[in-house]
Amino acid sequence: MRSDARYHSISILTLKWRMFVIKPIVPSNALEFKTVRLSALKDSPTAFGSTFAKESRFTDADWFKRATDWSGDRAVGYLAMDFGAACGIAGAFLSDSDPRRASLVSMWVAPAHRRTGIGRSLIEAIRTWARGRGAHKLHLMVTSNNSAAIEFYRRNGFAMTGIIEPYPNDSALIEYEMSQSILDSCSQ
Ligand SMILES: CC(C)(COP(=O)(O)OP(=O)(O)OC[C@H]1O[C@@H](n2cnc3c(N)ncnc32)[C@H](O)[C@@H]1OP(=O)(O)O)[C@@H](O)C(=O)NCCC(=O)NCCS
């Protein structure tokens, strides 16, 4: 019977161990990128520097250009895919002024997929990319009301740098900078 407690525990286990794959954003999946990014902005309106109101006005040509920019030498994006549907995203770019510095942006996992290791896998993909581009440090900005993300980043090796900035979309909030060294242990 479906109300049996054993049935529910099996369902939860299946959810917890659901398989997912991480794939790079490229021009050919620009519309998947659009869908997941707009979902992120709608779901977590104070987690990002941009807004749903702004990005929902972008044309498909804009998303194609963005996907092209995010798959060049200095920037990258990854989608987490669950049975063909995008359920997570993260991006990174190298600083123009200091190529040893990479910034992690746009980190988001769909609510039903959280706490299954997708965020951790997205960060690992970004770290590998940034190391491969010669970056020594990975930085990010996180909004002051986002204690879940702050804890997630701490658990993934980031620490507060002490730098704060105003949050552009809500003057009641600020943004904290967090960073981590990504030098290989043998080259530190
Ligand atoms: C923050 C976020 C990306 C985490 O993604 P996720 O896929 O759930 O993270 P993971 O499953 O890889 O978690 C890895 C570890 O981080 C920590 N962690 C993750 N979410 C956490 C939470 N809500 N509270 C406390 N710790 C958390 C845990 O230690 C977790 O390991 P565990 O589940 O074995 O305990 C996700 O909650 C999210 O998309 N939030 C909304 C958007 C957002 O805030 N983005 C950040 C913008 S700066």
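The following conversation walks through a predicted model of one chain.

Visitor: What makes up the secondary structure of the chain, and in what order do the elements run?

Guide: The secondary structure comes to 6 helices and 7 strands, and from the N terminus on the elements run α-β-α-α-α-β-β-β-α-β-α-β-β. Of the 188 residues of the chain, 28% count as buried.

Visitor: How do you know that the ends of helix H2 lie where its number of residues says they should?

Guide: Helix H2 covers residues 30-43, which is 14 residues, and at 1.5 Å a residue it should span 20 Å. The expected span takes 1.5 Å times one less than the number of residues, and the end C-alpha atoms of H2 are 20 Å apart, which agrees.

Visitor: Which residues of H2 are buried, and what do they pack against?

Guide: The buried residues of H2 are Ala-30, Phe-33, Lys-34, Val-36, Arg-37, Ala-40 and Leu-41. These buried residues pack against helix H3 (52-55) and helix H4 (60-69), and also against strand S2 (75-82), strand S3 (85-94) and strand S4 (101-109). H2 lies across S2, S3 and S4, and runs at about 90 degrees to S3.

Visitor: Why are H2 and H4 called roughly perpendicular?

Guide: H2 and H4 pack at an angle of about 100 degrees, with their axes 9 Å apart. Angles of 65 to 115 degrees count as roughly perpendicular, and H2 and H4 are therefore described in that way.

Visitor: Which residues meet where H2 packs on H4?

Guide: Ala-30, Leu-31, Phe-33 and Lys-34 in H2 meet Asp-60, Trp-63, Phe-64 and Ala-67 in H4. The residues of this contact divide into 6 nonpolar, no polar and 2 charged.

Visitor: What makes S1 and S6 edge strands of the sheet?

Guide: The open sheet has 7 strands in the order S1-S2-S3-S4-S5-S7-S6, with mixed pairing. Strand S1 (21-24) and strand S6 (159-166) each have a single partner strand, so one side of each is left without a neighbour in the sheet. The twist averages 25 degrees from one strand to the next.

Visitor: How many bridges join S2 to S3, and do these strands run parallel or antiparallel?

Guide: S2 and S3 run antiparallel and are joined by 8 bridges, and Asp-82 stands opposite Ala-85 in S3.

Visitor: Why is Ser-106 called buried?

Guide: The cut-off for a buried residue is 20 or more such neighbours, and Ser-106 has 22 inside 10 Å, so it counts as buried. Ser-106 is found in strand S4, and its phi is near 60 degrees, a positive value in a residue other than glycine.

Visitor: Why is Phe-152 called partly exposed?

Guide: Phe-152, which lies in helix H6 (residues 147-155), has 19 C-beta neighbours inside 10 Å. A residue is buried at 20 or more and exposed at 12 or fewer, so Phe-152, with its 19, counts as partly exposed. The C-alpha atoms of Phe-152 and Arg-115 are separated by 9.7 Å, although these residues are 37 residues apart along the chain.

Key
Residues are numbered from 1 along each chain as its sequence is written. This is a predicted model: local features need pLDDT of at least 70, side-chain atom pairs count only at pLDDT 80 or more; totals for chains, interfaces and linings use all residues. Helices (H or I, at least four residues) and strands (E, at least two) are DSSP runs, numbered from the N terminus. Two residues are in contact if their C-beta atoms, placed from the backbone, lie within 7 Å. Two strands pair if DSSP finds at least two bridges between them. Axes are lines fitted to C-alpha atoms, for helices over the stretch in contact, and angles run from 0 to 180 degrees between N-to-C directions. Angles under 35 degrees count as roughly parallel, over 145 as roughly antiparallel, 65 to 115 as roughly perpendicular and the rest as oblique. Ala, Val, Leu, Ile, Met, Phe, Trp, Tyr, Cys and Pro count as nonpolar, Asp, Glu, Lys and Arg as charged, and the others, Gly among them, as polar.
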